[in-house]
Amino acid sequence: MAVDLNNPGSLMTTRLRQAVNWGRKYSLWPIPYGTACCAIEFMASVSSYHDLSRYGAELVRFSPRQSDLMIVAGTISYKQAPILKTIYAQMCEPKWVIAMGVCASSGGFYKNYGTLQGIDRVIPTDIYVAGCPPTPENLFHGLLQLQAKIEKEGLVPSEERHGERAREAGR
Amino acid sequence: MSERLVKALRQEFGEDVLGHEAFRGDHHVRVPRERLLDVLGHLKHREGCQMLGDVIGVDHPERSERFDVVYYVRSVERPEQLWVTVGAEEGQSVPSATSLWKSANVHEREVYDLFGVPFSGHPDLRRILCHHEFEGHALRKDYPIEQGQELSRSEKLFSDHDLERAAHRASLARHPEGTGDEIMASDLLTVNLGPSHPAMHGCLRAEVLLDGETIVEARTEIGYLHRCFEKEAEDHTWAQVMPYTDRLNYCSPMLNNVIYAMAVERMLGVEVTERCRVIRVIVCELSRIIDHLVCVGTNLVDMGALTMYWYTFNVREAMYQIIEGLCGSRLTTNYARIGGLSHDLYPGFEEEVRSKLAMLETSIHEVVKLAARNRIFLDRTVGIGAISKADAISHGFTGPCLRACGVEYDARKLHPYLGYEDYEFDVPSGVDGDTHSRIMVRLAEMVQSKRIIEQALDRLPSGPINVDDARVILPPKRQVYDSIEGVMNQFKLVYEGNQVPAGTAYGFGEGANGELGFYCISDGSGRPYRIKVRPPCFAIFGAFPDLVEGGMIADAIAALGSINIIAGELDR
């Protein structure tokens with residue numbers, strides 16, 4: 001990308017992919033899929049002091065149709081799993097998923113009959129944020145990682161990015 | 001005090017009281033199944049045990065009468081509690097206590113779900129925590145802990161028949177004289193509030209039938225956050241259960257830690273040091289304040305008052321810095337230890353707490369100034385989601401929700417622990433039991449908690465925080481590195497766990513939402529045989545349909561916010 005700052009009328013050339021991804025990464029609309037303790041920390045992350053909007057992801061939507069980033073904050077039980085899958089399927093492309101905290105990532109220390117051992121068993125997941133629960137800083141780090149990932153991505157839907165699992169979940 | 005109840009039962013029922021056990025001051029009586037309802041009825045009507053606190057299932061696979069079902073009854077005026085046990089073989093049913101208490105409905109469903117004990121005469125015996133496609137009963141000793149079962153699709157809560165009935169009821173409500181247009185089942189709108197719904201507090205599900213915006217009927221479904229606390233507890237040593245307690249009520253984890261530690265200390269017969277007691281009081285009250293701030297803040301958002309959310313959450317964030325200073329993490333504190341605490345206070349703790357309390361006072365003042373005479377707030381809360389005193393007790397309400405109805409039961413006053421009897425504080429209560437009273441009671445309680453913390457800071461003694469007993473608490477790291485004795489003590493506690501004597505005891509206290517208790521059974525090994533949590537929300541959420549039916553849907557959300565259901569604690 002090159003731009004002549006002294007001449008506002010000048011043209012800027014770039015690759016389409018880069019321009020689109022640049023726009024996408026700073027205008028993520030997250031939908032919080034909050035179920036447990038992590039949701040409380042997610043609330044702290046969007047509140048003043050920590051303030052998620054500094055990273056261009058402040059427009060928290062509660063409708064999957066309006067969002068492109070799902071933040072799964074909390075433990076997903078087997079009872080919850082079909083609902084998570086449905087809501088993911090309702091999101092429009094392109095879409096990304098952050099598993100916030102160890103429960104969403106792997107079941108955490110709940111290795112038992114009620115807890116799904118990681119959301120990637122039902123929906124494709126882009127970023128795993130460690131912590132139980134992750135601090136807001138930790139979540140922001142995950143978000144920055146996702147932004148870096150989006151920047152490098154081609155203009156392909158998640159089915160191509162994630163393969164079989166995404167096709168299954170989208171059904 | 002509770003011996004009196006046992007004596008009264010012996011007098012009334014004589015030989016039918018099959019057994020009586022007392023351990024650490026808790027009294028358990030065993031009665032035959034066919035006399036259960038008579039005994040419970042007698043306790044309720046004659047002996048003043050107005051509340052059914054919990055129903056607990058226990059599995060003893062080696063016995064022919066494999067299951068114990070324990071009814072925990074208590075008075076809300078006197079410090080009297082009693083546990084009534086009946087046995088049941090596989091497939092044998094136990095008479096349901098739903099005719100005596102409304103709370104029996106959800107508690108018995110839980111025992112049915114997790115142990116497979118049927119209850120005869122129960123109106124709605126379905127699974128409650130596990131999903132409807134689950135096979136087997138999870139808390140039986142022979143069910144493997146890691147055997148998860150997938151669910152293909154969620155259950156519908158209303159059948160077509162239910163819709164017809166509800167439509168008929170709605171028609172009658174609209175035209176009591178029976179004339180006018182009849183409402184058809186197809187006119188009713190079914191709305192799923194939750195488990196993933198923006199306005200829902202946590203992953204709860206309430207399916208409501210709407211006639212316009214009026215709720216004709218509501219049904220609830222829980223268990224979406226069932227993380228199997230009780231099964232996990234049986235799989236760990238007593239000390240290892242502590243981090244799991246953090247995640248019960250994750251808005252006030254310190255309270256869970258302290259009350260769990262107290263329960264195990266009660267089993268062990270250990271007294272903690274004076275400094276530990278005072279610090280525990282401080283952290284408990286701080287947690288109570290944080291919990292109430294979250295509840296009130298989010299509840300006001302339900303009514304569109306976003307400003308109040310910022311006011312309350314700023315203080316909460318400030319208080320988290322204290323918690324973080326104490327134990328290194330914000331939410332999952334894991335702070336208490338059996339016999340003490342994980343860390344002592346940090347330098348400058350007292351000044352910091354005092355300054356944050358001053359912030360709290362300003363914030364409460366601001367919230368009250370904005371809300372108390374606000375027309376919208378009053379219209380949305382006064383008389384909405386109300387429950388009568390008698391119904392609240394029958395549903396097993398405790399904590400701020402019960403006190404909002406005018407029953408001044410507070411475990412800190414009725415069964416003082418941690419030296420609460422030496423602190424001056426009032427128990428705020430309301431009259432109407434509506435959303436408004438519940439919010440106001442919580443605001444007033446924060447002021448009382450502040451008073452308690454200030455008194456505790458004034459009297460904070462110096463000295464050790466942990467008991468000096470290597471069988472109870474891990475030795476200091478220095479000792480472990482430097483002496484063989486220290487290594488041995490550490491090794492034994494970590495590998496074998498605390499050697500809790502065989503017996504059954506109930507350790508409880510006043511959680512942020514009400515009476516939080518741990519009913520612990522030990523068989524003398526290093527692991528709990530069974531831990532049953534009495535989460536205050538569980539009983540309260542059972543009353544949710546009663547609170548909202550007939551009201552507007554928007555008010556249902558506000559009412560839900562005011563009863564402060566925390567899914568982690570509700571589903572465990």
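Two strands pair if DSSP finds at least two bridges between them. On that basis, this predicted model has an open sheet of 3 strands in chain B, ordered E13-E14-E15. The model also holds a contact between chains A and B and a packed helix pair, H7(B) with H8(B).

**Sheet in chain B**
- The pairing in the E13-E14-E15 sheet is antiparallel.
- Strand E13 (503–510) and strand E15 (528–534) of chain B are the edge strands, each pairing on one side only.
- From one strand to the next, the twist averages 15°.
- E13(B) and strand E14 (residues 515–522) of chain B run antiparallel and are joined by 8 bridges.
- B:Gly507 has B:Phe518 in E14(B) as its bridge partner.

**Helix pair in chain B**
- Helix H7 (residues 253–268) and helix H8 (residues 274–302) of chain B pack with axes 7 Å apart, at an angle of about 140°.
- That angle makes H7(B) oblique to H8(B).
- The crossing of H7(B) past H8(B) is left-handed.
- From H7(B), the residues B:Met254, B:Leu255 and B:Val258 take part. They meet B:Arg280, B:Val283, B:Cys284, B:Leu286, B:Ser287 and B:Arg288 in H8(B).
- By class, this helix contact has 6 nonpolar, 1 polar and 2 charged residues.

**Contact between chains A and B**
- In chain A, 29 residues are in contact with 36 residues of chain B.
- Helix H2 (37–46) and helix H3 (81–90) of chain A each supply at least two residues of the side that touches chain B.
- That side of chain A has 16 nonpolar, 10 polar and 3 charged residues.

Note on methods. Residues numbered from 1 in each chain as written. Chains lettered and ligands numbered in written order. Predicted model: local features only at pLDDT ≥ 70, side-chain atom pairs only at ≥ 80, totals over all residues. Contact = placed C-beta atoms within 7 Å. Helix = DSSP H or I, 4+ residues; strand = E, 2+ residues; numbered from the N terminus. Nonpolar A, V, L, I, M, F, W, Y, C, P; charged D, E, K, R; others polar. Axes fitted to C-alpha atoms, helices over the stretch in contact; angles between N-to-C directions. Parallel < 35°, antiparallel > 145°, perpendicular 65-115°, else oblique. Left-handed = near helix turned anticlockwise from the far one by under 90°.
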